[in-house]
Amino acid sequence: MELELHELNQFKSLQQHNDTERIDSEYWEFLLMLGFGNPRKTEQLYKTLRNELSDHDWRMPLVEIGEARSQSLSNRDLDCHSCLQSASDIIFTRSNFLNEKIQAEILALYYYVLTVYHEKILHKLSPLPMLHMGKDLTTINTFQLAFTYRIAVNEVKWLGAPLSNIKSVVNELESKGLWTLTVIGYRSLAILSRIGGDKSSAYEYYDMAFNLASKLNSNTHLKLLHNSLGYTLFSEKRYDEAEQEYLKIIIEGDNDPMIPVLYENLALLAEARGDYPLAISHIKRAIAVSTQLDSIPNVPGEYLFLGRTYENQFDDIERAEHYYRLGYENSMRYAGHGISLTGDRKTVVDAYVNLMNKKGGSKNPPKPPDHFTFAQGKSWKEIKDIFHHQLICFHHKAQPTSKIMAAKLNMPASTLYSLQDRLKKRGYQLPGKSSSDASPDDNLFTFIEAHEELSWDAINNIFEREIIHYLYEKYGYNKQRMAQILKLSYPSIITKTRELTQVSDHLLPN
């Protein structure tokens, strides 16, 4: 979607340090809504803002928080995590870089988005203290009401407060014309009513939410509602009706963040009907997207599902171990970023360790393999060649011809032929039609195996992002040294490490 320039101009026209007291609530409402709309629209906005603003501009925490919100809505949760870390570094180390009023509003927005993120990844601490602090910090009435809604929902979840508390806040949201948050409110009431066993109320609230979402013509909310209603029908074993509800979801693009959620629920439906091969197929469809997005709530749980299914339904311990291990490695990778082992992340780690213990392995959790050791000291060109060679060798095992392999990787066959010719000229041995001679790097094969369902472009994007992060740490965060070793220009290194050097409608929760 084309960037609306007046939004960028509004942001850029905010008065600098000495005049910041002149920023009124209308400007703040505009700022707070950045990242709460269409992710495809806001992606270009944030890219432009990062190019326009210096790292020391007082508006940078707003960019970080807004982009974190946008990334969360797109299920790019690790990117969201990095943006929130960066925002925290700026906010809490520059306490005197602007006046107290603006500092308070930025901090309120940070608490709001952080607690939404914590709820999404099943962070076990109650968000209520930060929500109350955020509500006290902001002077914007609509933002205070958004906090009031979030507080009411969490008081039901954490303190056992009555649902009527949420209903009264949703009524106020509706009376003030905050339609988007009202839809979310009715959906929350429906889900909590279903959990509480009040099916009649649940369906009434779904009707209210659907009516309003239809009037708003909001496909985003309609997708969420169809999915939630489908799961409610599934919980009552009304499988055919649940399936019909799921099939009403309109997917937008190959990386629609709804894809993993939808196919997880379709897998549960297939499992309930005893069709385990179909359940596995659905989960693999989900993994193809969730791994590309790096969706923290989805990836470990999807590997856990596959591991359990192969172990319990097919007695295939080798495949079960394979998928448990992938879930374990991703969970530990997230833990390395400071994300707690809770929910499916902890469960899949325990499942892998327990299976290894049954097989007589170590009682201590094994360390994840260091996928990228091979890259140290090599140029960027060599690194890419080695990865492409290993990727081709890996897929040759299951796709013995280049034409079939190209189709599997969603790339033109001519591109694959050219790449193979180039690798051969550079001395790389490729497997023949009747052989699998490879010289595999086991750790790199493990990385490829974790992403084997992805297209050529998708796995290359993930590889480049992670290898740059790895080398940036290995080379002591020294960009000049990194440029020399990789034989890349310094501006190129600046571009590749940009997100790492940042420490790597209405307000509404996911």
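How do the residues of the lining of the second largest pocket divide into nonpolar, polar and charged? The points below take up this pocket after some remarks on the model.

1. Basis. This is a predicted model, in which local features need pLDDT of at least 70 and side-chain atom pairs count only at pLDDT 80 or more, while totals for chains, interfaces and linings use all residues. Residues are numbered from 1 along each chain as its sequence is written, and side-chain values use heavy atoms, with hydrogens and water left out.

2. Second largest pocket. The lining divides into four nonpolar, three polar and ten charged residues. (Ala, Val, Leu, Ile, Met, Phe, Trp, Tyr, Cys and Pro count as nonpolar, Asp, Glu, Lys and Arg as charged, and the others, Gly among them, as polar.) The volume of this pocket is about 380 Å³. Of its 17 lining residues, His322, Tyr323, Phe394, Glu449 and Glu452 are the closest to the centre. H17 and H19 each supply at least two lining residues, and the largest share, six residues, comes from H17. On a 1 Å grid over the protein atoms alone, a pocket is an open set of points with protein on both sides within 12 Å along at least five of seven lines, whereas a cavity is a set where a 1.4 Å probe fits but cannot get out; lining residues have an atom within 4 Å of a point. Grid points are joined across faces, edges and corners, and a volume is the space filled by probe spheres set on the points. Helices (H or I, at least four residues) are DSSP runs, numbered from the N terminus.

3. Largest cavity. The largest cavity holds about 70 Å³ of space. Its lining consists of Lys284, Ile287, Tyr303, Leu306, Tyr323, Leu326, Glu449, Ala450, His451, Glu452 and Glu453. Helices H15 (276-293), H16 (299-312), H17 (317-336) and H22 (442-450) are the elements that give two or more residues to this lining. By class, the lining has six nonpolar residues, one polar and four charged.

4. Helix H16. Twelve of the 14 residues of H16 are buried, so the helix is largely enclosed by the rest of the structure. Among the buried residues are Tyr303 and Leu306, both of which also line the largest cavity. (Buried means under 20% relative accessible area, exposed over 50% and partly exposed in between, with a 1.4 Å probe and protein chains only.) At 1.5 Å a residue, H16 should span 20 Å, and its end C-alpha atoms are 20 Å apart, which agrees. The expected span is 1.5 Å times one less than the number of residues.

5. Helix H8. The 19 residues of H8 (residues 141-159) should span 27 Å, and the end C-alpha atoms are 25 Å apart, which agrees. Its buried residues include Phe143, Phe147, Tyr149, Arg150 and Asn154. Just after H8, glycine 160 takes a positive phi of about 70 degrees.

6. Aromatic pairs. The structure holds 19 aromatic pairs. The rings of tyrosine 112 and phenylalanine 147 have their centres 5.2 Å apart and their planes at 85 degrees, so the pair is edge-to-face. This pair links distant parts of the chain, with tyrosine 112 in helix H6 (residues 100-120) and phenylalanine 147 in helix H8, 35 residues apart. Tyrosine 112 is buried, with a relative accessible area of 1%, and phenylalanine 147 is buried at 0%. The rings of phenylalanine 387 and phenylalanine 447 have their centres 6.2 Å apart and their planes at 65 degrees, so this pair is also edge-to-face. Phe387 and Phe447 belong to one aromatic cluster with Phe372, Phe463 and Tyr470. (Rings of Phe, Tyr and Trp, the last by its six-membered ring, pair if their centres lie within 6.5 Å; planes under 30 degrees apart count as stacked, over 60 as edge-to-face and the rest as tilted.)

7. Charge over a ring. Arginine 150 lies over the face of tyrosine 112, at 4.9 Å from the ring centre. The criterion is NZ of Lys or CZ of Arg within 6 Å of the ring centre and within 35 degrees of the ring normal.

8. Most residues other than glycine have a negative phi. Asparagine 410 has a positive phi of about 55 degrees; this residue lies in the loop between helix H20 (402-408) and helix H21 (413-425) and is exposed at 62% relative accessibility. Lysine 487 has a positive phi near 60 degrees; its place is in the loop between helix H24 (479-486) and helix H25 (490-496), and it counts as exposed at 69%.
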